[in-house]
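Please open the model in your viewer, colour it by chain, and keep the selection panel at hand. The stops below go from one chain to the contact between chains, and then through the other chain and its ligand.

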Amino acid sequence: MLISGGKDSALALHHALVNGHNVKYLVSMVPQRDDSWMFHHLNIHLTDLFAESTSIPIVKQETAGVREEELLDLKTALSTLRIEGVVSGAVASTYQKHRIEKICEELGLKSITPLWNRNPLTLLKELLTLKFKAVITGVFAQGFSRSWLGREITSKVVKDLLDLKRRFQISLIGEGGEYETLVLDAPFFEKKIDIVESERFWKGEYGYLLVKKARLNEKADPSASADIHGAS
Amino acid sequence: MSKLKKITSRAIKLMDVKKNIRDIGIIAHIDHGKTTMTDSLLTEAGLLSPTIAGRARVLDYLEEEQKRGITIKTANISLLHEEEGEEYLINLIDTPGHVDFTGKVTRALRAIDGAVVVVDAVEEVMVQTETVTRQALNELVKPVLFINKVDRLIKELKLNAEEIQVKLARIIRDFNNLIAVYGEEDQKEKWKVDPAEGTVAFGSALHRWGFTVDIAKKKNVKFSEIIDLYKKEQADGLVDRLPLHEAILTMVVKHLPNPLEAQRYRIPKVWKGEIDSGMGQAMLKVDPEGGTGMVITLTQMDPHAGLVATGRIFSGSVKGGDRVYLVGAKKEYRVQQVAMYMGAFRVPVEKIDAGNIAALLGLDLARAGETLVSADHKDGMVPFESITYVSEPVITIAVEPKRPKELPRLIDVMERLSIEDPNLVTSINKETGEYLLSGMGELHLEIAIKFLREYAGGNLEIITSKPLVVYRESTQSPGAVVMAKSPNKHSKFWIQVEPLDDKTIQMIEKGDLAEQMGRKRMGTALKEAGWPTKEARNIWSLEEHRNILVDMTKGVQYLREVRDMFIAGFRWACQNGPLCDEPIRGLKVKLLDASLHEDPVHRGPAQVMPAARRGLLGSFLSSDPVILEPIYKIGVSVASQWVGEVTSLITRKRGKITASEQKGPLTSITGFLPVSESFGLSADMRSATSGHAFWQTAFDHWDKAPASVSKEVIAETRERRGMSPEIPRASKFIDQT
Ligand SMILES: Nc1nc2c(ncn2[C@@H]2O[C@H](COP(=O)(O)OP(=O)(O)OP(=O)(O)O)[C@@H](O)[C@H]2O)c(=O)[nH]1
Ligand SMILES: [Mg+2]
């Protein structure tokens, strides 16, 4: 299972588990550049907590983040594992899907994309009904502003995203890199992630929320939650 | 009203006889007597009692016009005239002379084929005479000349016959000079006016007499005799011997073209479609049986009837229920009603034929300049050339309702007003939530506010700011080649800006270069203007503030797919410059190279637009950006003893005198004056000349503001808009590797 810590890969993982797939590893690519063509980079360090809270072992692979080389790095990572298939969270980006399919083909693996071609709005609603807790950690498109950083995906946020889609034709689920999320809680999490310290960076047209410190807490424990809006 | 009905039903019968139709306008400098003269023309038609003609100014039917004594809108009326046993239909448009309303003249010119240019014999050819004549010539509207207010030469200036001759000759010479300078190649000789040929009339609109040389000969009247009659206070009888309407209408019928003659040369000028096509031939020949081709030149919102769109039908005909298509709005409609304007009244008629002016109801998206075609001819219909204005809205005021809850109402009437008056620009200042109204001058805005109140039913209280000048941001040297990334960092663009050359800017202002010409024709025009082929052929966009986007890339993958998004980003950047949020003007923006993410999902508008804007602004800031200020052309007519005062006043206000010419007892001074220095000019001029100066200003051009001025403008504007005091650095918009 390829994960970034974001909502799409988390939702894909959820479907994979529900469909009875035996998810053996979480694979996380760690790009060294900020403009990777394939992989998320923000707060990628938090995939450790993600893995810990799901009790699935994580395999991390560094990648230079340079176009086609990224794929070689991914292939290297996958080729060392004893698996039958690869689950990914691709929804509409044929670019991403084709690349992964190609590698799978070369390695004799099955490519599983539970979210492929599904309606983005339905996917967002599904996140809400399944009580995923995902916060926006980066915005990279026209129409977004600083105040988006740190917002939890709620029905209000979905409405605001719909508005931006109408005005600027962004992808509703951010598949064009318009925004990135970090999943703090999911149905399959044994513990939830709490952000202890974070900092917002705003660069004029884009910005991101860097999580500096986070930890796992019992799901029922309300005392440990920190106000992420307060930090900047 | 019954008289109007009678005339309209007669007019409709005449519409078939194209050679007996004249579509004309009355154009002039302010106050030279257009509306007064038109009064006389109405008397012959029985539309106005002779006893009040000359004073009624019937076509100034708006309350505001009667109160101020000036025309502020165009008014249409149709008249019948008999000449040598034949009946003629004359569709006439009276136009305003005040420079703030020049745009209305510009639009009216598209609808007519000929114009009577009125010149006040005392003031002679003035700034606005030149402006409207130049525009008429540019639209291939043929002018004839009426020299008005001759009574004043006799009674006020007390000139003798010889002196009057000299003055009249000078007016004719000056007028012919305009034709020589501004006339198109084919017309500059042919259209010169000459009293001997009957293309000049002389008279007094106030006293309702006038003549051409021909008429004077026939009736055996000499100038010296007229002078004598005035001296003996016996001029009253002149109106019967030399009725003004006869002189004017004879001149119109004999020397202004009918639609058959005019459309033959006007259509190729105003319509660049294929002349040999069905529509082309129909319009060229004024064919009532062909497809309908019409240009909308005026739109008004009637509180009851909705939008009324008036314009000239070049081919076919329009009747109620017809299916028509608006090329610009891309929308098909059924015409609800067809009407003719008779002054203040709109008279419904069954059908109007090619070669005439019609008012149509039911086309709510029609705007001035729009091309209307019958629905079955809409495929491939090329729109008419765009109407280009000589003036730009350079003065702005902020408006807000006194009671905040009336904001929606204010917005509503502002919208109505901006539909009716395309030269009035309404906009919302996003930062401050201010509603802005930009216009040609102080009068334009004053009237606009009056209309806003009136449209709202009189009880909308509006607070206005003091007038502000509109500025532009531009550059004088090329900027750096800049790389800008999309927010998601996946796409990169290399962009460079440089100043657009004056020649190209002039082509745009003259309408010789317009986006609707299409890439090919723009390319040809630019190549002729000396552009390198590679640049000329690859114009992506021509923005309203005279900015051009050129694609200079070679074989960039997927570029075609992001083209429109890039253009949108380019336009966005040009709207709000980085110096103080004023529009950018006169920039050539070159897209040199690009690298794009191959997945369309990653290169949507939200990625490409900001990148285009960043690159443009980055390169612009790295050049040497400047503030441009609007400059008025000023014309002052003043008794010679005050010339010194006027000259020093203008120079003191950072103005420049370009010419000063003695014309009889008056001296006419022309020069330039920054718009920002023109506020309060009335008071200063009055005190400098004890109220003896007549003067007028008209927007002329943009000029680089002196450093001290531009510093102040930037600081003030940024503060007003709630922006941080410092201009952003170029580096803010430039990405590394
Ligand atoms: N003495 C004299 N005054 C005239 C004559 N014709 C017009 N006037 C006066 O000049 C003033 C302006 O006349 P209008 O007919 O309103 O002029 P206009 O050209 O229509 O003015 P705008 O439409 O505002 O540009 C009025 O006071 C008229 O009475 C004339 O032949 N002799
Ligand atoms: Mg008038």
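Residues are numbered from 1 along each chain as its sequence is written, while chains are lettered from A and ligands numbered from 1 in the order in which they are written. This is a predicted model, in which local features need pLDDT of at least 70 and side-chain atom pairs count only at pLDDT 80 or more, whereas totals for chains, interfaces and linings use all residues. The model scores ipTM 0.75 and pTM 0.78.

Keep chain A selected and colour by burial: of its 232 residues, 45% count as buried, a residue being buried if 20 or more other C-beta atoms lie within 10 Å of its own, exposed if 12 or fewer, and partly exposed in between, with C-beta atoms placed from the backbone. Among the contacts of chain A with a separation of 6 or more, 72% are made by residues 24 or more positions apart; two residues are in contact if their C-beta atoms, placed from the backbone, lie within 7 Å.

For one such place, select Thr54(A), which is found in helix α2 (residues 47-54) of chain A. Why does Thr54(A) count as buried? Thr54(A) counts as buried because it has 21 C-beta neighbours inside 10 Å. Beyond its neighbours within four places in sequence, Thr54(A) is in contact with Phe188(A), Phe189(A) and Glu190(A).

Now show both chains and select the contact between them, where 22 residues of chain A are in contact with 16 residues of chain B. On the side of chain A that touches chain B, the residues divide into 8 nonpolar, 9 polar and 5 charged; here Ala, Val, Leu, Ile, Met, Phe, Trp, Tyr, Cys and Pro count as nonpolar, Asp, Glu, Lys and Arg as charged, and the others, Gly among them, as polar.

Move on to chain B, which averages a pLDDT of 92, with 99% of the residues scoring at least 70; pLDDT is the predictor's confidence in each residue, from 0 to 100. Colour chain B by its domains, whose bounds come from an automatic or database domain assignment: domain 1 (2-257), domain 2 (262-377), domain 3 (395-469), domain 4 (474-623 + 727-733) and domain 5 (629-705). The C-alpha centres of domain 2 of chain B and domain 3 of chain B lie 30 Å apart. Their contact takes 5 residues from domain 2 of chain B and 4 residues from domain 3 of chain B.

Select ligand 1 next. Which residues come nearest to ligand 1? Of the 22 residues around ligand 1, these are Gly33(B), Thr36(B), Ile70(B), Thr71(B) and Gly97(B), a residue being near a molecule if its C-beta atom, placed from the backbone, lies within 6 Å of it. Two or more residues of this shell come from each of α2 (34-44) and α6 (150-155) of chain B, and α2(B) gives the most, with 3 residues. The shell around ligand 1 divides into 6 nonpolar, 10 polar and 6 charged residues.

Then select helix α4 (residues 102-111) of chain B, in which 10 of its 10 residues are buried, including Thr102(B), Lys104(B) and Arg107(B).

For the last stop, select strand β11 (residues 323-326) of chain B, which is joined by 4 bridges to the antiparallel strand β12 (residues 331-334) of chain B; two strands pair if DSSP finds at least two bridges between them. Arg323(B) stands opposite Arg334(B) in β12(B). Another 3 bridges join β11(B) to strand β17 (residues 371-374) of chain B, also antiparallel, and there Leu326(B) has Leu372(B) as its bridge partner. The hairpin of β11(B) and β12(B) has 4 residues between the strands, and Lys330(B) in this hairpin takes a positive phi near 55°. Most residues other than glycine have a negative phi. Lys330(B) is exposed, with 9 other C-beta atoms within 10 Å.
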